[in-house]
Amino acid sequence: MIGSTFGFVVPVMAEPVVIQSQPDHVSNSSSRGPSSSPGPDPAFVENLMFQVRDLEQQVAEQRGLVEELNYQIQILQQEQKERYVDLDQRLLTMQQQLDMQSVAPAEREVSTSLSESAVSDEDILAEYNAARDLIRTRDFPGAITALADFAQAHPNHELTPNAWYWLGEVHLVSREVTQAQAAFETVVDDFGGHAKVPDSLYKLGVIAQQQERGSQATQLFNRVISDYPGSQSAKLAQARLDSN
């Protein structure tokens, strides 16, 4: 009777020991698991953030380039239209002069001079357009040669500032920054009242910004905004300043 009583008590006392030891083991294992996992590498995170900022900057620059190209296309189309309208008007005027029944010798001499001038302007326009066609076909070395020859052959022509400006653009696309800067500076210094001056000032600011000459870039952008308010170049300059 006594033996059977002890046989009944022992299993009861042993069972809680087994039940209590299992949760302790699981708890200790789970508490040690997470502590062994390393956190993200700070250098890796910083590198990712730098790459994101760099991509954002590239996207902003590409958007600005698209805006510039659209603006340049509009200006080119307008210039082309004005040039042909002006040429047609001059040819019409000369034709009317030639149709006059009596022309004094002095007037005849003036008419001949005007005719030669008109033909010369037409040839010059064809020469300029041929240089621009080289840009459209991405023959940049050929375009550089043609535009430089045009500017040298016609230093005082009304299209010469345009030739200098596009010469700067082609040099810039070709990563010839020094030559590009010189071409844009020629427009600003030698053709102060021309429509390409604000565009050239803006491009000089872009070059200064790319070369990390921040104060000079800011000065050039502000000059575009103050001297040519409302122009497309002023809007692009303001966008550059706002992005810094």
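The structure is a predicted model. M49 sits in helix α2, which covers residues 42-98. Together with F44, V45 and L48, M49 forms a nonpolar patch on the surface, and the accessible area of the four comes to about 360 Å².

## Overall make-up

The chain holds nine helices and zero strands. Read from the N terminus, the order of elements is α-α-α-α-α-α-α-α-α. Of the 244 residues, 30% count as buried. The accessible surface is about 16100 Å², and carbon and sulfur atoms make up 57% of that surface.

Among contacts with a separation of 6 or more, 52% are between residues 24 or more positions apart.

## The nonpolar core

The largest nonpolar core contains 36 residues, and I135, L147, F184, Y202 and F221 have the most contacts inside it. Two or more residues each come from α3 (105-136), α4 (140-153), α5 (160-173), α6 (177-190), α7 (197-210), α8 (214-227) and α9 (232-243). The element that gives the most is α7, with seven residues.

Beyond its neighbours within four places in sequence, F221 is in contact with Y202, G205, V206, Q209, A237, R240 and L241. Q209 belongs to helix α7. Q209 and L220 are eleven residues apart in sequence, and their C-alpha atoms are 9.9 Å apart in space.

The 14 residues of α5 should span 20 Å at 1.5 Å a residue, and the end C-alpha atoms are 20 Å apart, which agrees. Helix α5 is mostly covered, with twelve of its 14 residues buried. Just after α5, R175 has a positive phi of about 65°.

Helix α6 also has 14 residues, and from first C-alpha to last it reaches 20 Å, close to the 20 Å expected. Its buried residues include A180, A183, F184, T186, V187 and V188. The cover over the buried residues of α6 includes α5, α7 and α8.

## Salt bridges

Four salt bridges are found in the whole structure. One of them joins D133 and R136, with the closest N and O atoms 2.5 Å apart. These two residues are three apart in helix α3, so about one helical turn separates them. D133 counts as partly exposed because its relative accessibility is 38%.

Which residue pairs with K203 in a salt bridge? The partner is E169, and the closest N and O atoms are 3.6 Å apart. This pair links distant parts of the chain, since K203 lies in helix α7 and E169 in helix α5, 34 residues apart. Both K203 and E169 are buried.

A further salt bridge brings together the side chains of D199 and K196, at 3.6 Å from N to O. D199 has a relative accessible area of 4% and is therefore buried. K196, at 2%, is buried as well.

How values were computed
Residues numbered from 1 in each chain as written. Predicted model: local features only at pLDDT ≥ 70, side-chain atom pairs only at ≥ 80, totals over all residues. Heavy atoms only, no water. Helix = DSSP H or I, 4+ residues; strand = E, 2+ residues; numbered from the N terminus. Buried < 20%, exposed > 50% of the residue type's maximum accessible area, 1.4 Å probe, protein only. Contact = heavy atoms within 4.5 Å. Areas by Shrake-Rupley, 256 points an atom, 1.4 Å probe, with all protein chains shown as cover. Core = buried A, V, L, I, M, F, W, Y, C linked by side-chain atoms within 4.5 Å. Patch = residues over 30% accessible without salt bridge, like charges linked within 9 Å, V, L, I, M, F, W, Y side chains within 5 Å. Expected span 1.5 Å × (residues − 1).
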